[in-house]
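Thank you all for coming; please have a look at the sequence and the model on the screen, and then I will walk you through a few places in it.

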Amino acid sequence: IFNSTEDFHGPHKNDPIFSTGQTSSDECRFFVKDDTEPEGDEIYAVHLGLIPGNAVIDVAYIKILANDDGNGVVGFGVPNGISVQEPRTAGGVAEKLPMRRSIGTFGAISVQWRVASSVANNDVTPTFGVVEFQTGENVKNLEFFVRPDLLIEQDENFEFELTSVSGGARLNTTLSKVLVRILANDIPVRFALSHIIVLENQTNVAVWIYRGLDTSGTNIVASIDRTSSAVWYLQSDGAVGNQDFHQASGTMVFGNRETRKMINVTIIDDSSPEKSENFTVHLTNLSADVTLVSPSECTIQILHSDDHVGVFGLSGDGNITVNEDGGSNLVEININRTAGAFGMVNLTWMVTSSQGGDLSNQISPLHGAVTFSDGERQKMVNINVTDDMVPEEAFWFVVELTSTNGGRITNDPSRRSQKVIIRDSDDVYGVFELSNGTYQILSLTSRPRMVNFAISRSGGNLGTVSVGYLVTYHAVDGSEHTTSIGIQRSGTILFSSGQSNAAISLNISREGFIRANSVFWIRLTSVKLVRPENTLVPPTTPRFGPRTSANLTVHPQYADGEIGFEEVSVTVTEPENGRPKEINLAVFRDGTLYRASLMWSIIGVKTSQDLNPTSGSLVFET
């Protein structure tokens, strides 16, 4: 074998000998070396020649197959996966997942892959394929495209998996799967208002931008746990930049969980007579995770003069909180008219629900109109809250100014609407008290003896409520002896939502001595709603009713100190063979706290020859 010194053990030459006339076969043996060097397929020629002489009469070939992962071990080159953005339009740049071929790179290999999700084709393409490695190549990219859509989506994870490899290579099982995360996208960005009317002498105009909110600007509809950005600029539309308004532009950045940003636009107040003029605010260069939706621009109209008719808005800071139960059920909403006050103006308003449902059974009216007379500066809207008998949790609604036939509604979002909170009503979480007397009893003849009482919940039964109680035992003179009878002095019981009654039984220790005319005091000590932080405002219930205490007096008939036979009748046979027979009569007492002694005697015995002894004494120790 030629050129084989590194792959075969010596000798590399064999000399089989054939005797004269021999026709049987002989063999040549060569031994392959086992090394750790990655190698591809290797072929060696074995020349058969005559001795003497150099003539080659035949050639055979030995093929050493690829070994020591000579064809490579294939896996993804990003163990922690990659994160990609959804493009705005189809046909963008392909995303690339690097694949690595380690150890050996001999020969061409094919690696099959797929996306392990049945819905992946909605978001990525293709979802399966083959990556080819040629000899000597150790890095290739798996290329795919992210499909764009207009759906508001959270982060989505897709598992890319290498399923098989051909050409003698093998898969690296620890790197054969990797996650590709498509980051949350299509978060809506919109102007709060599409049209803002301002006076020429109004120096600054606040233009609000919403991210991740619905059209009302109240409810979050998308993931906003990241930063987003957009470039804003002003564009003339009749009004002239740096003559009617300061031409400006800038970049706004929404921080983590931030939903609102304000652009401050400056109006130039000049002395030239002018008709109403407009300019617009635009957004551009939005970050990849957001999408501009309607209203996608805001028109600012500069009136030809000051707001001589008036600017209308709601007065008061913060929320209005009203009780349905008792007192005034009237919600008073003040509407102010600022700037000018010339002329008569009609202004409409409406109520929107916190849950989007029908509020007609709870408040009225749900909409209406007010008329400002010439020179009038303030009007009041009265909304009645229905005082019904239905236990209800706290809820809220919004009173919003909707339109006017003169002047304008303020651009300040906090003055365009007012949030009203109606407190929980009709004892929605319950009124707790001790049940009537039939449920508060002493069981002094049972084993074990017990103190029994029950707690009832009236009104509403929503929410989980914790009720605390205290039970003490007192002698006739008022002194407390609770510990001596071994009952649990205090405790709490949980009422689950919907539960109206609960019974408590406390065991009295067998060693406890219960005195005649002594008293058990039962007191309800605390009542509170579990997790009150989940309510809109601190709730008015749960609360206690009038029966928060009860005294249970021990009747002398059931007091401890009574001692008696365990059995009231015993039958025995007279012993035979002249040997006496012992009879044991068990005597017991209820309480064992103090020492007790007693005398006993047998009545009706005719002679001591029948029974003996006929009298005696017993002592019960503490």
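This is a predicted model: local features need pLDDT of at least 70, side-chain atom pairs count only at pLDDT 80 or more; totals for chains, interfaces and linings use all residues.

Let me begin with Q362, which counts as buried because its relative accessibility is 19%, where buried means under 20% relative accessible area, exposed means over 50% and partly exposed lies in between, with a 1.4 Å probe and protein chains only. Residues are numbered from 1 along each chain as its sequence is written, and side-chain values use heavy atoms, with hydrogens and water left out.

Q362 lies in the loop between β27 (345-353) and β28 (363-364); strands here are DSSP runs of E with at least two residues, helices are runs of H or I with at least four, and both are numbered from the N terminus. Leaving aside residues up to four places away in sequence, Q362 touches N384, V385, T386, E392 and F395, a contact being heavy atoms within 4.5 Å. N204, by comparison, is 158 residues from Q362 in sequence, and their C-alpha atoms are 41 Å apart in space.

What does the whole chain look like? The protein chain has one helix and 46 strands, and it is divided into domain 1 (1-68), domain 2 (73-183), domain 3 (187-302), domain 4 (311-422), domain 5 (431-558) and domain 6 (563-621), with bounds that come from an automatic or database domain assignment. Taken over C-alpha atoms, the centres of domain 2 and domain 5 are separated by 67 Å. The C-alpha trace spans about 145 × 120 × 35 Å along its principal axes, and the radius of gyration is 48 Å, whereas a compact globule of 622 residues would have one near 25 Å; this radius is taken over C-alpha atoms, and the globule rule is 2.2 Å times the number of residues to the power 0.38. Buried residues make up 37% of the 622 residues.

Now to the aromatic rings. Rings of Phe, Tyr and Trp (its six-membered ring) pair if their centres lie within 6.5 Å, and planes under 30 degrees apart count as stacked, over 60 as edge-to-face and the rest as tilted. The count by this rule comes to seven aromatic pairs. In one of them, the rings of F245 and F279 are stacked, because their centres are 3.9 Å apart and their planes stand at 15 degrees. This pair links distant parts of the chain, since F245 is in the loop between β18 (228-237) and β19 (249-254) and F279 is in strand β21 (residues 277-284), 34 residues apart. F245 is buried, with a relative accessible area of 0%, and F279 is buried with a value of 0%.

How are the rings of F432 and F495 arranged? They form an edge-to-face pair, 5.0 Å centre to centre and with 80 degrees between the planes. F432 lies in strand β34 (residues 431-434) and F495 in strand β38 (residues 490-495), so the pair ties together parts that are 63 residues apart in sequence. Both F432 and F495 are buried. Elsewhere, W113, F144 and F160 form one aromatic cluster.

Finally, R449 is found in strand β36 (residues 449-458) and is buried, with a relative accessible area of 5%. R449 and G512 are 9.6 Å apart in space, C-alpha to C-alpha.
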